[in-house]
Amino acid sequence: MKTGYYPGCSLHSTATEYNESVLAVVKAINDEVKEIEDWNCCGATAGHSTSAELALGLPLRNLMLAEKEGFEELLVPCAACYNLFKTAQFEVAHGQKQDLVADLEHQLGLTYQNKINVLNFIEYVLKPENIEKIKKLIKRPLGGIKVAAYYGCLLLRPHNVVGFDNPERPTKMEKLLEALGASPVRWSAKNECCGGSQALSKPELVVRLVNNIVTNARDNEAELIVTACPLCQANLDGRQINWDFPDQNKQLLPVLYISELIGYALGLPAEKWFAKHLVPPSLKA
Amino acid sequence: MTKSYLVIGAGAVGLQIAQDLKENGHEVWLVEESTMPGGKFNSQKPLEPGINLAYFSGTYHPGDYLFTSKAVSLMASKRVKVLYGSKISVIKEEEGKFYTEIIAPKENYTKVFDGVYFTPGFIPFNPEEKAEYLYGINNFVLTGLELENLLKTGELKKNPPEKVAFIQCVGSRNNGIGPGKPYCSGFCCLYSLKEIDLLKKVLPDTIVKVFYLDLRLYNKGAEKLYQKAVENNVSFIRNMISAIKEEPKSYKPIIRYLNNGRFKDELFDLVVLAQGAELSPNIKTLLARLNITENELLEFYGTPENPHQIRPGIYFAGSFLNPMDGADSMVSAGAAAFPQINLKESVQSTMEIKYFTNTGIIFCNCRGSLPVDELKGTVADLPSITISDCLNEDELGKVRSFLLDNQIGKAVFAGCSKIKIMPGLEKLAYEESIGARFEVVNLKEQGYSLYGKEKFKAIAQKLLAGALARLKFSTTPALKVKNDITFDVVIIGGGLAGLKAAEALTEKGVSVTVVEKQDSFGGKHKNKVIPLEGINLKEFIEKIVLKLENRGALLLKNAEIVEVSGAPGNYQLIIERFGKRLNINAAAVILATGTQNSYGHYRKTSQIIFQEDLFSSADLLSQCDSIGFLQCAGSRNDLNPICSRNCCVSSLDAAIYVKEKFPEKDVFIFHQDIMAYGKYEYKYLKARELGIKFVVYNRGQYPEIKSIGGKIQVVTNENYLDDVVLDLLVLAEGAVPNKENEKLAELFRVGLDEFGFLRESHQDISGGYFPKWGVFVAGEAQGPKTVREILSSAQNTAKNVLTYLNQLQNSQLKVNYSEVIEEKCAACLTCVRVCPYSVPVVINGKNVAYIDPISCQGCGICASECPNKAIVQNNRPHQGVLAEIRVLAGEGK
């Protein structure tokens, strides 16, 4: 299976530890992914909030390039990129977008068949062959550490478009955590809003939302939170130590990318990824 | 012509339809997936108001009694085949015939039918599909049925919850993405209120909050429950709950809702989900074989003439047709059966009755639960038989051969209750022309359940001996024929219901007189030209009147009924018209007096009008740019507490009509709860899609209406909305019981309910019958209805009248009636006064009372009240009762 890789802007900047850990895990299980050549913005946030055409055109160009390179599946770790790609595929399949596609094909000199299987990192890891390899390669069992799996919104909704897990009661990350030897906690905030990009325009709102999520995880005895979205990670990790955080006296919870935790369990050098976190992960090397 | 019909689903509706078809001579196969008849009435005991006895009674409840009895008497007939635990595997339509294959537990059948009735009801929505409510994960989240079960077993009392939340519309009214149906399931608001009522009875201090979208308490019984809930401090909060969260560690449910514009997180000890209705997947498969898609069914509305028939030969009824409560289901059953019911040719007796002399005992071990074998031969040395199940054709067949082979003319049935089994036994004997009399001993409920295993034998022996003693004195059944019947039906009230009933009856060849007090027909709907539920009522009514005139019906305007005498089958009515008196004889009378409009505290102005004005002239609409509808102007207030049902549907129809014709006009609807129950929800959805604006006001807090500068200003309490300025405001008038009802009730000796509507014998399951024979109710006289419901009710009543006329004119093998011993009678009128069915009359000239055996219902009240013991109840004469008492008291032993 030829798998393409689309890092997007976050994984090349604020979330380099996500990028590094994903690629390290892929390597560790002896798989290979290849970054799409000449990829562009996925269309998220700035793109899709200004133009409906950009919101489709940008991801479609990436998908066309991926098809040109002959990828059958595409690993997209960033939840926002994943969501945009899935939406573009859905619109092409159901939304009468023949004109737009024809236009793009003409301008780019490419053809498009809308057939690549777009995967987020959880889906990728949960592929039977991958999870089996991971189970066998575990070097640092997690010893029942209590982990809160945080999904956010982009991985789950709209459900009819992304089709990944039950949007109201997701459980796939928990399955993964159990395979790693961790104990996922039962908690209620796993699909609550993290505040998203309101972090810049309304920070006080995001502090409140993050507080709700982290408090709920902590009250359910979680020792750390895992996520698969750069924006969620940034908000949950970063807004906990905000100066007006209402719960300053409480112990802060580290927020890891799911790939970092897998990498840690596989005995990969996780410490350099952890160094980028504002709340230092308490996992011992 | 006799035809054969397949009825799918033996719930309340299926049983009723099967019975009506069978009584009319058709062959009926009733196929039921479960192992018992009665459907939801049976399994979900307190689902409907009225069957409240079910609450604490454990195993027995009237639903069970009623439907077992109906099923047994159906199965006793050879024209009927009832298959439980069975499925239709193939159904194919070819040239109006339906070719089917049926898989039953013992045998598979191939059979051709002339028509199919779909009456499978619904299955409850599985709340696990709505994962946000954590059902199946969180132990504090239950369905209503589970709560009920905890209450019955006493579990809940051991660990009483302090706070309970009810979430409505789980799986219903979902028009977005995710699981759930777009329609309203109709009965869940009522159902939750019943659960709350039950909960409050057991645990009065529990705090209860109900989260709802609209409280659709449209039936008159529901209003009582609502008032009671309010008295019990139940809070009703209009809020859609998007998810249930859990309190850390305890996992108790937390509900987030809007409270005065702010979010509030509230912790509860229990959350109860009101499941909606869904179609069973098996039924969907069957429909697909007939090329009917689920959407086609969901959108199926029928024509006003034929609301139940989707294609020739395929009928839908009950909550399968449209989610509805028990009362409406029974009406729907009758209306759906109506096309196949005909006035039978008078079949006076040519039947020869076999009178056998032997006595026998029929034991039933009730599916192995009663140790009847230990009684065999211990009481009397008589031929006996043991069956194991009364709901089994083969077992009933054994009873049939037992009677014939042993020439049994008197038999004791020793098993369960008389109510369940007696009609079936009598039916069975009648079909074989055996003049047998039966006594029933309830070994189950009066023996085994009461005294337990150890004492069972001794008690059962005594009961059995008593019944045998009683049996010696009961009289042989006789073939009775009613003479002197007229076949005219008089309908009082020439509104929509009366006219529709008249149309239906004249179609079947019954001659009809319609008596209307006013000087025109059509009642309050007569001038409505804007389509209401797809009907131009003005034209519709004119057409019916014309049809009735052509069919020779006697239509009397300006006429009023002043006196009633006679008995069922032969009523003499005196009608006053322009000061003159007119005598009319009638076999049956239909009371269709409708309702009167109630305008609340409102007055009309040039810009504030009522619905009736709006519907009568389409011009009004074109003259204004903005129009508003104020719902419940004349109902759900201090003057008229109950919902009038028709007004929300009317406003929705009118608003949609305006918006479709003039999309640029602003349309507002101010409402308490939009009563778009069942499939009416689609109207509500359409209205919203069209951009009609809905503004909620709280019950009893009508928005203030001001007249400013030629405009109407409606002051709303909504902080998102400025006051609304309108050119025209339409007030929704309500419906109150007709003032005539009191007079009619007295004349015809029927009851009124607490609101002043005519009272049926049972609000939920009677299907439009009064306890009294020969007098019927149709339309809104019984309670408020929408136009389609009025038409359905009229058609159902026409069916009831036809069934009654057929019973009247045909000979019957009667044993269950009272007889007057003329020599002893002093014509004191006691029986005339006490009879709840007004059957006894004093014969002119003879000065003795006469009880018509066909009309007599056999209740025995007259026999016990007669001061001179001049009345004998034939199946239970005094000597028999005394003989039984002697045995039971141990005398002579």
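1. A salt bridge here is a side-chain nitrogen of Lys or Arg within 4 Å of a carboxyl oxygen of Asp or Glu. In this predicted model, A:Arg186 and B:Glu246 form such a pair, with their closest N and O atoms 2.6 Å apart. The interface of chain A and chain B holds 2 salt bridges by this rule.

2. On the side of chain A that touches chain B, the residues are 6 polar and 6 charged, with no nonpolar ones. Contact involves 12 residues of chain A and 13 residues of chain B. The two chains bury about 1,300 Å² between them, and carbon and sulfur atoms give 44% of that area. Residue pairs in polar contact number 7, both residues being at pLDDT 80 or more.

3. Within chain A, the assignment gives domain 1 (3–121) and domain 2 (139–274). Their centres, taken over C-alpha atoms, are separated by 24 Å. In chain A, 23 residues of domain 1 are in contact with 23 residues of domain 2.

4. Domain 1 and domain 2 of chain A bury about 1,800 Å², with 73% from carbon and sulfur atoms. On the domain 1 side, α1 (8–11), α2 (16–28) and α5 (79–94) of chain A each supply at least two residues. The largest share, 8 residues, comes from α2(A). This side of domain 1 divides into 14 nonpolar, 6 polar and 3 charged residues.

5. An unreviewed UniProt entry lists "domain: Cysteine-rich" for residues 4–85 and 147–237 of chain A. Residues 4–85 of chain A are 56% helix and 9% strand, with end C-alpha atoms 13 Å apart. For residues 147–237 of chain A the figures are 46% helix, 10% strand and 15 Å.

Conventions
Residues numbered from 1 in each chain as written. Chains lettered and ligands numbered in written order. Predicted model: local features only at pLDDT ≥ 70, side-chain atom pairs only at ≥ 80, totals over all residues. Heavy atoms only, no water. Contact = heavy atoms within 4.5 Å. Buried area = accessible area lost by both parts, 1.4 Å probe. Polar contact = N/O pair within 3.5 Å; in protein donor to acceptor, adjacent residues only side chain to side chain. Nonpolar A, V, L, I, M, F, W, Y, C, P; charged D, E, K, R; others polar. UniProt positions renumbered as here; feature names shortened; annotations may be inferred. Helix = DSSP H or I, 4+ residues; strand = E, 2+ residues; numbered from the N terminus. Domains from an automatic or database assignment.
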